[in-house]
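Q: Could we go through this structure together? I would like to start with helix packing and then turn to individual residues.

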Amino acid sequence: MISPTTFFLIISSIITSLQNFTVIQSLTEGGPGQSTTVMALSIVRTAFVQNNTAFASAQAMVIFLIVMVITLIQWRGQKK
């Protein structure tokens, strides 16, 4: 009975962890070096600092595919 709730919470936490841009940007800006750079920060830097929007959109699609695969795995696991 708690399977749908667990499914929702896992997917929501995965999406949130991939989108933790604001905390890292405001505290460390991805440094020291590149140690705290996450995918969302890399996308923003690529799009707005390097002006390479095509590569940034490709990075965003990779994040989408990662979340989609994890969601499908969870979806199939929920039905068992």
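**Helix packing and selected residues**

A: In this predicted model, the crossing of H1 and H4 is right-handed.

Q: Which residues of H1 and H4 make that contact?
A: H1 contributes Ser-3, Pro-4, Phe-7, Ile-10, Ile-11, Ile-14, Ile-15 and Leu-18, and H4 contributes Ile-63, Val-67, Ile-70, Thr-71, Gln-74, Trp-75 and Gln-78.

Q: How many of the residues in the contact of H1 with H4 are nonpolar, polar or charged?
A: The contact of H1 with H4 holds 11 nonpolar residues and 4 polar ones, with no charged residues.

Q: At what angle do the axes of H1 and H4 cross?
A: The axes of H1, residues 3-18, and H4, residues 53-78, cross at roughly 165° and come within 10 Å. An angle over 145 degrees counts as roughly antiparallel, so H1 is roughly antiparallel to H4.

Q: Let us move to H3. How far apart are the axes of H3 and H4?
A: The axes of H3 and H4 are 7 Å apart, and the two helices pack at an angle of about 160°. H3 and H4 are therefore roughly antiparallel to each other.

Q: Is the crossing of H3 and H4 left-handed or right-handed?
A: H3 passes H4 in a left-handed crossing.

Q: And which residues of H3 and H4 meet?
A: From H3 they are Met-39, Ala-40, Ser-42, Ile-43, Thr-46 and Ala-47; from H4 they are Thr-53, Phe-55, Ala-56, Gln-59, Ala-60, Val-62, Ile-63 and Ile-66. The contact of H3 with H4 comprises 10 nonpolar and 4 polar residues, and no charged ones.

Q: Which residues of H3 are buried, and what do they pack against?
A: Ala-40, Leu-41, Ile-43, Thr-46 and Ala-47 are buried in H3. The buried residues of H3 pack against H1, H2 and H4.

Q: Gln-59 interests me. Is Gln-59 buried or exposed?
A: Gln-59, which is found in helix H4, is buried, because its relative accessible area is 15% and the cut-off for buried is under 20%.

Q: What does Gln-59 touch?
A: Leaving aside residues up to four places away in sequence, Gln-59 touches Met-39, Ser-42, Ile-43 and Thr-46. With Ser-42 there is also a polar contact of 3.2 Å between the side chains.

Q: How far apart are Gln-59 and Ser-42 in sequence and in space?
A: Gln-59 and Ser-42 are 17 residues apart in sequence, and 8.4 Å apart in space from C-alpha to C-alpha.

Q: Changing topic to the backbone: what is the phi of Asn-51?
A: Asn-51 has a positive phi of about 55°, although Asn-51 is not a glycine. Most residues other than glycine have a negative phi.

Q: Where is Asn-51, and is Asn-51 buried or exposed?
A: Asn-51 is placed in the loop between H3 and H4, and comes just after H3. Asn-51 is exposed, because its relative accessible area is 64% and exposed means over 50%.

Q: One last residue. Where does Ser-35 lie?
A: Ser-35 lies in the loop between helix H2, residues 21-27, and helix H3, residues 39-49. Ser-35 is exposed, with a relative accessible area of 57%.

Q: Which backbone oxygen lies 3.0 Å from a polar atom of the side chain of Ser-35?
A: The backbone oxygen of Pro-32 lies at that distance from a polar side-chain atom of Ser-35.

Key
Residues numbered from 1 in each chain as written. Predicted model: local features only at pLDDT ≥ 70, side-chain atom pairs only at ≥ 80, totals over all residues. Heavy atoms only, no water. Axes fitted to C-alpha atoms, helices over the stretch in contact; angles between N-to-C directions. Helix = DSSP H or I, 4+ residues; strand = E, 2+ residues; numbered from the N terminus. Parallel < 35°, antiparallel > 145°, perpendicular 65-115°, else oblique. Left-handed = near helix turned anticlockwise from the far one by under 90°. Contact = heavy atoms within 4.5 Å. Nonpolar A, V, L, I, M, F, W, Y, C, P; charged D, E, K, R; others polar. Buried < 20%, exposed > 50% of the residue type's maximum accessible area, 1.4 Å probe, protein only. Polar contact = N/O pair within 3.5 Å; in protein donor to acceptor, adjacent residues only side chain to side chain.
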